[in-house]
Amino acid sequence: MRVFVLAFAVGVWLVQQQAELVAWPWLAAGVTVALLTLLMVHIVNLLLEKSGLVRRWLVTIMPLLVAGFALGFIWASAFAHWRLADVLPAAHEGLDIEIVGVVRALPQKIGRGVRFEFDVEQAAASVPQRISLAWYRGWAEAEAGPAVLPVHAGERWRFTVRLKRPHGNMNPHGFDYEAWLFERDIRATGYVRPPHQSNATRLDPAVWRPGYAIEMLRERIRERFQSVLPDAPYVGILIALAIGDQQSIAPELWQRFAHTGITHLMSISGLHVTMLAGLFYFLTGWLWRRSSVLPLHLPTQKAAALGGFAAALVYSLLAGFGVPAQRTLYMLAVVVLARLLNREVAASRILALALLVVLLFDPWAVLAAGFWLSFGAVSLLFYIASGRLGTAHWLIEWGRAQWAVTLGMLPALLALFQQFSLVSPLANAVAIPLVSFAITPLALAGVLPFLDPLLWLANVITTGLMSFIDWLAVLPMATWQQAVPPAWAIMLALGGGIWLLLPRGFPARWLGLLAFLPLLTITPQRPPIGVAEMVVLDVGQGLAVHVQTATHDLLFDTGPAFSSEADSGNRIIVPYLRAMGVRRLDELIVSHADNDHSGGAESVLASVPVNLLRTSLPDRHKLNQRLVPQIPCRAGDTWRWDDVRFTILHPTAGFQTKKTNAVSCVLAINASGRRLLITSDIEAAQESALVARQAASDNASELAAEVLIVPHHGSRTSSTPAFIAAVGAKEAIFPLGYRNRFGHPKADVVARYAASGARLHRTDADGAIKVHLGSTGVHIDHVRALRRRYWQSRPNTAATE
């Protein structure tokens with residue numbers, strides 16, 4: 001059975017790597033073959049029950065692997081076809097549509113309003129059954145808009161909304177937002193129209209269905225915690241531990257948890273579910289024994305097992321039923337069933353059954369990091385516990401478990417997050433007992449009315465723990481960070497970890513350590529001398545370009561800020577630079593003060609050392625207060641890195657204007673005679689000045705470039721015919737957001753570039769765009785094409801008239 005389940009899991013995983021799904025007729029044929037193979041395996045297994053191991057492997061186990069793989073592939077493919085059928089028609093994107101439905105889950109406050117999942121019951125047009133909506137006060141953080149009416153889980157509302165198909169930024173090694181939405185069965189996103197343009201109406205204060213009732217209870221608990229601890233900085237941690245609402249924890253706290261390796265404790269993990277199940281197991285058993293009648297009908301151990309499972313089920317549902325909770329609940333279900341049937345089940349079989357049930361209900365669980373970390377950690381614990389003779393002192397056993405999990409999960413952490421905490425063992429030594437046996441039980445007990453003192457005590461303990469965590473987080477070298485390791489290095493390290501964790505006495509276990517060396521020492525390949533490689537990052541409606549030469553790194557602009565807590569810097573650019581192995585920027589250019597170009601700068605400066613900051617910012621801008629060497633953008637400034645030449649073309653010295661776009665830095669890059677021009681947000685007047693300056697210059701090709709990053713995202717204020725002709729680009733890149741509110745790029749601007757003979761590239765449709773400049777010419781790749789998956793919609797990118 002274990003072999004079959006592992007093969008089934010591989011088949012499910014492989015489906016999630018496909019760019020296109022296998023057609024239904026082929027899936028039907030595959031089901032027939034797989035079922036016939038299973039039947040053959042069963043018959044042959046009966047005939048060869050006492051045959052040799054090799055013969056049994058060839059005749060039964062190999063077909064079992066094939067059948068398991070095929071059924072897993074077919075199962076996940078069928079689910080994917082079914083889910084893809086629930087789609088928002090492209091023609092309905094951006095239209096005002098009246099819908100009626102129910103707020104499905106906990107609403108989450110965002111900077112300008114509230115976001116929530118919505119189950120659609122009625123709609124004036126064809127829309128998916130489950131969507132994600134935002135209700136804003138205004139378009140920007142500083143805008144004052146109409147008040148947003150309070151929205152609560154389980155309420156039925158009528159809204160007028162504008163929807164679009166799921167779409168997210170697509171960058172190298174970046175988070176796949178579309179995959180996250182698809183796994184949650186959210187098939188469209190959008191926003192509620194303002195009250196004066198819609199008829200937002202609460203139709204029913206409560207829809208009493210089981211799922212909605214649970215969400216209503218979760219929201220009441222969250223409100224209770226916030227009212228009991230209104231000013232507590234760590235109340236979000238208690239909420240997350242009680243009901244699994246991780247959005248209640250501030251982003252800066254998550255960074256501290258990552259730096260100290262305790263992130264797993266601040267979400268509902270298997271440890272928390274098991275702890276609660278164990279508590280109720282003993283409590284149920286103790287109460288059952290007090291009765292003289294009940295044990296006669298049901299033995300105490302079986303009753304206790306049922307009581308523990310019931311507690312685990314309630315807690316898992318209350319906590320949002322994430323993958324770690326599912327895995328633990330299913331494992332407990334197998335143990336309880338075995339106890340009721342008086343059977344003994346091997347630990348590996350329990351884990352395999354839990355894995356099978358998770359994938360049967362949610363084939364997309366393999367897309368979540370929590371899936372791999374949860375099952376991986378438990379597998380390691382079972383592995384080090386198997387085949388050992390006798391038991392050591394509990395403290396030694398605990399230390400062995402910590403060592404196994406830390407070592408065994410290291411390759412996965414570097415593959416998924418490109419970092420791991422060096423202080424994690426010390427942090428977990430303190431945090432695990434406090435969170436598991438003090439804070440979490442107190443938080444859960446504090447859910448009940450009239451037990452406010454328990455929440456106060458939980459908050460006091462949490463505050464003390466966080467003081468210790470804060471101290472660890474700022475220690476030098478608290479966190480190891482590196483580039484994404486290659487797949488072969490990850491697999492080699494995993495094998496080395498398994499070898500190293502073999503029982504004591506096994507010869508040459510130390511060789512396992514050598515298998516970790518490539519994982520920790522290999523660095524990404526950089527461009528050779530005379531070559532420049534650029535990545536125009538997909539930051540939505542904004543600009544951020546990473547330029548890399550043989551030994552230097554430059555970042556031109558930092559994309560927009562999305563809210564007071566989230567921006568392109570901390571969400572996209574810093575994780576990208578870490579994954580690429582960039583530990584220091586030789587230069588950061590912030591072209592001008594507009595949010596869509598400077599919004600992520602503070603996060604970049606706070607996370608990555610920068611040798612030089614070059615800007616066209618006004619004197620009082622907050623970035624000018626940074627303790628970083630700074631110089632202004634000034635036309636004529638030039639420098640050379642690794643035989644690649646960089647030249648600032650605009651603004652000229654002494655140029656002054658109140659228009660921020662007009663002072664945008666313009667950068668030309670020349671690698672082995674191949675040129676790229678980054679124009680930021682210059683407009684027609686600045687383009688004319690550049691063309692005139694080129695005409696009067698001895699260098700008639702100063703503006704000429706094979707690749708042009710189109711000015712001002714394709715706005716009508718820029719891209720004059722004279723400028724396009726002067727540049728003569730063969731490749732034109734439009735950096736913009738999908739269905740942005742400015743309507744960029746404008747249709748006449750797109751037509752102008754197309755008429756010039758340039759190939760057009762767009763970050764909203766193509767994701768991040770990789771550009772290679774060198775003696776071999778210009779090569780361009782689209783990250784969305786390189787990372788193509790079947791759930792990614794093909795964006796409707798018709799230019800705006």
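Where does His713 lie? His713 sits in the loop between S20 and H24; helices here (H or I, at least four residues) and strands (E, at least two) are DSSP runs, numbered from the N terminus.

A quick word on the ground rules. This is a predicted model, where local features need pLDDT of at least 70 and side-chain atom pairs count only at pLDDT 80 or more, while totals for chains, interfaces and linings use all residues. Residues are numbered from 1 along each chain as its sequence is written, and side-chain values use heavy atoms, with hydrogens and water left out.

1. Most residues other than glycine have a negative phi, and most peptide bonds are trans. His713 has a relative accessible area of 2%, so it is buried (under 20% relative accessible area; exposed is over 50% and partly exposed is in between, with a 1.4 Å probe and protein chains only). His712 is buried as well, at 13%.

2. Now for two prolines. The peptide bond joining His650 and Pro651 is cis, with omega about 5 degrees, and Pro651 is found in the loop between S17 and S18. Another cis bond joins His744 and Pro745, with omega about 0 degrees; Pro745 belongs to the loop between S21 and H25.

3. Next, the sheet. Seven strands make an open sheet with mixed pairing, in the order S16-S17-S18-S19-S20-S21-S22. At the edges are S16 (638-641) and S22 (759-762), each pairing on one side only. Two strands pair if DSSP finds at least two bridges between them. Strands S17 (residues 644-650) and S18 (residues 666-671) have six bridges and run antiparallel, and Phe646 has Ile669 of S18 as its bridge partner. Helix H25 (residues 747-755) packs on the sheet, touching S20, S21 and S22, where contact means heavy atoms within 4.5 Å.

4. Strand S1 (residues 96-103) is mostly covered, with six of its eight residues buried. Seven bridges join S1 to S5 (residues 156-164) in an antiparallel pairing, and Asp96 is partnered by Arg162 of S5. S1 also pairs antiparallel with S3 (residues 113-123), over five bridges; there, Gly101 stands opposite Val120.

5. Have a look at helix H10 (residues 300-318) too. Its 19 residues should span 27 Å at 1.5 Å a residue, and its end C-alpha atoms are 27 Å apart, which agrees; the expected span is 1.5 Å times one less than the number of residues. Among the buried residues of H10 are Lys302, Gly307 and Tyr315. The buried residues of H10 pack against several helices, including H5, H8 and H15. Just after H10, Gly320 takes a positive phi of about 95 degrees.

6. Finally, Arg218. What is its setting, buried or exposed? Arg218 counts as buried, at 7% relative accessibility. Arg218 lies in helix H5 (residues 210-228).

Note on methods. Axes are lines fitted to C-alpha atoms, for helices over the stretch in contact, and angles run from 0 to 180 degrees between N-to-C directions.
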